[in-house]
Amino acid sequence: MTGASSATRPPGSPAAGAKTLHLHDVHKHYGGRTVVDIDDLVLGAHGIEGLIGPNGAGKTTLMKLITHVVSPDRGRIEYHSPDGTVLLTQHSPDAIARMGVVKTNQVIQDFESLTIRESLLLSLAGAEQEKFYKVLRDKAFLRRADQEIDEYLDIFTFQDPDGRAGSAGEKKLLDILRCLLLKPRFLLMDEPTAGLPQEETDKVMELMRTKTQETDLSILIIEHDLDLIWGTCEFVHFMAEGEILLQGTPSDVRSNATVAEKYLGASHA
Amino acid sequence: MNALVFPLQGLTIIVCLGVLLHLQFGRTGIVNFGVVGFSGLGMYTTGILVVNYEVPFALALLIATALTGLVAFLLGLLILNLESEAVLVATLAFSTIVFYLVTSESWLTEGVVGLGTVPRPFDVGDTSTSQLLFLLVLVAIAAALLVYAARLQHAPYGRLLFSIQDNETLSRSLGKPTFRHKLVFFTVTCAAMGAIGGLDASVNQFLVPRLLTADLTFVVWIALVLGGRKRVFGAVLGTLLTVGIFDIVIELYVDVPREFAQQLPNVQLMLFGLTLILVILFRPQGLLGERRRKPQDSPTAESRKKVQA
């Protein structure tokens with residue numbers, strides 16, 4: 001990964017127009033197995049935060065609880081934004097996405113019938129465009145949408161933007177771009193670089209850094225590529241067996257003995 | 001010529017229902033196996049209002065459309081969140097309920113005795129001219145539905161419907177209230193089926209419960225699946241190849257020996273069933289195949305292609 005210093009925001013200080021997710025006593029189990037068990041957790045106090053931990057630690061489930069794709073057994077998840085505080089557990093996944101809390105997918109998800117461009121247009125269209133009686137060409141919308149889409153297509157190359165996403169990498173990238181076009185305020189990225197070529201990974205992370213600095217976007221990243229975590233995140237949460245065991249700056253977490261033992265293995269210590 | 005007008009009216013009705021089913025099933029993934037329930041509700045509502053209560057045809061048609069829409073809304077509220085198999089069974093059950101209600105509530109529907117005569121929506125004096133004009137009106141409605149379906153492919157709403165069919169969870173994660181959209185679209189398209197049924201009342205003129213058996217649903221389904229469920233003209237091609245061949249070509253122009261003529265309707269349904277099996281086995285996307293993917297004609301798409309070249 002790039003070794004460039006990324007954190008321009010003073011660490012620990014919330015960004016302007018801060019948005020945070022506050023989890024209180026959030027608990028989820030499948031059968032007899034506890035997957036997520038969190039007493040109290042604040043996410044998003046820094047521009048880019050990392051969520052790391054061994055497989056099965058409950059990281060993805062934690063994100064799904066936030067977007068309410070999975071309902072918690074108990075507990076509250078509050079979303080604090082300049083617009084006020086919302087209890088996410090009382091809203092549907094689509095309503096949460098419209099509030100600006102958006103998650104990219106770890107496992108590849110795509111719309112088979114839509115081309116790359118159509119897929120991106122889908123992201124951009126809002127309730128105002130999506131009426132069954134609106135079938136005439138909306139030039140103003142198309143022009144505006146094309147402009148926004150081209151901004152991304154200038155950075156990322158697809159083999160044929162007017163065809164379907166071909167490779168796994170293209171689908172993964174498309175998934176991320178769809179989320180970005182929603183103009184999220186809190187982006188949850190579940191292993192964004194799995195399946196992406198290194199070159200594209202670098203471009204994605206570079207874009208994420210720019211976005212968090214230039215806009216009021218907050219990002220939480222799940223990633224097994226630890227070099228990326230250390231190089232990109234300002235703050236890292238370490239999760240194992242459903243619980244957050246440790247939080248801190250990348251260097252703190254990196255040097256911690258528990259993390260080394262439970263996750264990194266001897267070679268990293 | 002006159003002998004052709006009535007079957008062509010029936011064929012156009014099937015095309016209209018087929019395009020509406022294409023919108024529900026081919027676009028949105030709603031497995032509506034109760035087509036005849038909605039069209040039948042519209043048909044009998046129109047007939048009852050016009051014949052028993054002497055309501056003007058246009059008003060009766062309007063009421064029938066609204067009533068079908070309302071019923072579809074209530075049904076959709078209950079079932080559209082379910083798995084597609086459950087939607088299939090529920091809509092089929094709904095159309096069966098409509099059939100038996102029409103049969104048993106003879107104080108209102110005249111039951112098996114039949115309800116009639118439903119007049120044509122308009123009369124220009126001469127019967128055959130009126131019939132021909134009515135056919136043209138039906139064709140115009142079918143054309144309008146086709147234009148709508150074609151336009152929808154390139155409209156935001158069309159992309160939304162495709163996204164619901166392909167991956168509803170992903171669509172929701174992009175902020176789309178998919179259930180509400182399905183409910184609205186189901187209501188609107190079922191109401192349109194009711195309107196088509198209302199016009200069909202005028203085509204048949206004399207209404208009997210037999211018109212509401214599941215056969216009609218199957219015919220529409222087979223036509224759509226044979227032609228291509230995801231293609232705008234799938235229903236047209238499929239209807240021509242099924243209803244067109246049997247109800248028009250064979251019925252009017254082929255000299256079937258008398259002893260076989262009685263069996264023809266049964267043979268027809270058997271062949272339709274066989275066709276359905278063959279299509280699903282060998283060409284599940286129908287004769288027209290997948291949706292063609294013409295490059296989006298956006299103002300900048302061309303220029304970008306040149307840059308990349």
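Start with the loop in chain A between helix 5 (168-181) and strand 7 (186-190): A:K183 is found there. Helices here are DSSP runs of H or I with at least four residues, strands are runs of E with at least two, and both are numbered from the N terminus. Phi of A:K183 is near 50°, a positive value in a residue that is not glycine. Most residues other than glycine have a negative phi, and most peptide bonds are trans.

Before going on, the ground rules. This is a predicted model, where local features need pLDDT of at least 70, side-chain atom pairs count only at pLDDT 80 or more, and totals for chains, interfaces and linings use all residues. Residues are numbered from 1 along each chain as its sequence is written, while chains are lettered from A and ligands numbered from 1 in the order in which they are written.

On the cut-offs, buried means 20 or more other C-beta atoms within 10 Å of the residue's own, exposed means 12 or fewer, and partly exposed is in between, with C-beta atoms placed from the backbone.

Next, A:E241. Phi of A:E241 is also positive, near 50°, in a residue other than glycine. A:E241 sits in the loop between strand 9 (235-240) and strand 10 (243-248) of chain A. A:E241 is partly exposed, with 16 other C-beta atoms within 10 Å.

One backbone item in chain B. The peptide bond from B:G116 to B:T117 is cis, with omega near -5°. B:T117 is in the loop between helix 5 and helix 6 of chain B.

Now the domains of chain A. The assignment gives domain 1 (20-109 + 186-268) and domain 2 (111-164). Those bounds come from an automatic or database domain assignment. Taken over C-alpha atoms, the centres of domain 1 and domain 2 of chain A are 29 Å apart.

A:L153 counts as partly exposed, with 19 C-beta neighbours inside 10 Å. A:L153 and A:H80 are 73 residues apart in sequence, and 33 Å apart in space, C-alpha to C-alpha.

On to the interface. The contact takes 32 residues from chain A and 32 residues from chain B. Contact means that the C-beta atoms of two residues, placed from the backbone, lie within 7 Å. On the side of chain A that touches chain B, helix 2 (93-99), helix 3 (116-124) and helix 4 (139-155) of chain A each supply at least two residues. Which helix of chain A gives the most? Helix 3 of chain A, with 5 residues. By class, that side of chain A has 11 nonpolar, 7 polar and 14 charged residues. For the classes, Ala, Val, Leu, Ile, Met, Phe, Trp, Tyr, Cys and Pro are nonpolar, Asp, Glu, Lys and Arg are charged, and the others, Gly among them, are polar.

B:F162 is worth a look here. B:F162 lies in helix 7 of chain B. B:F162 is buried, with 26 other C-beta atoms within 10 Å. Leaving aside neighbours within four places in sequence, B:F162 is in contact with A:F111, A:S113, A:L114 and B:R27. B:F162 and B:K230 are 68 residues apart in sequence but 9.8 Å apart in space, C-alpha to C-alpha.

Two helices of chain B. Helix 6 (residues 127-152) has 26 residues and reaches 37 Å from first C-alpha to last, close to the 38 Å expected at 1.5 Å a residue. That expected span is 1.5 Å times one less than the number of residues. Buried in helix 6 of chain B are B:F134, B:L138, B:A142, B:L145, B:A149 and B:L152. Their cover includes helix 1 (2-27), helix 7 (156-166) and helix 9 (178-204) of chain B.

Helix 4 (residues 84-104) of chain B has buried residues B:V87, B:T91, B:F94, B:S95, B:V98 and B:V102. Seen down the axis of helix 4 of chain B, these fall within an arc of 90°, so they line one face. The arc is that of the directions from the helix axis to the C-beta atoms. The face turned away carries the exposed residues B:E85 and B:Y100.

Last, the core. The largest nonpolar core has 149 residues, and B:L17 and B:V220 have the most contacts inside it. Such a core is a set of buried Ala, Val, Leu, Ile, Met, Phe, Trp, Tyr and Cys residues joined through C-beta atoms within 7 Å. Domain 1 and domain 2 of chain A both give residues to this core, so it lies between them.
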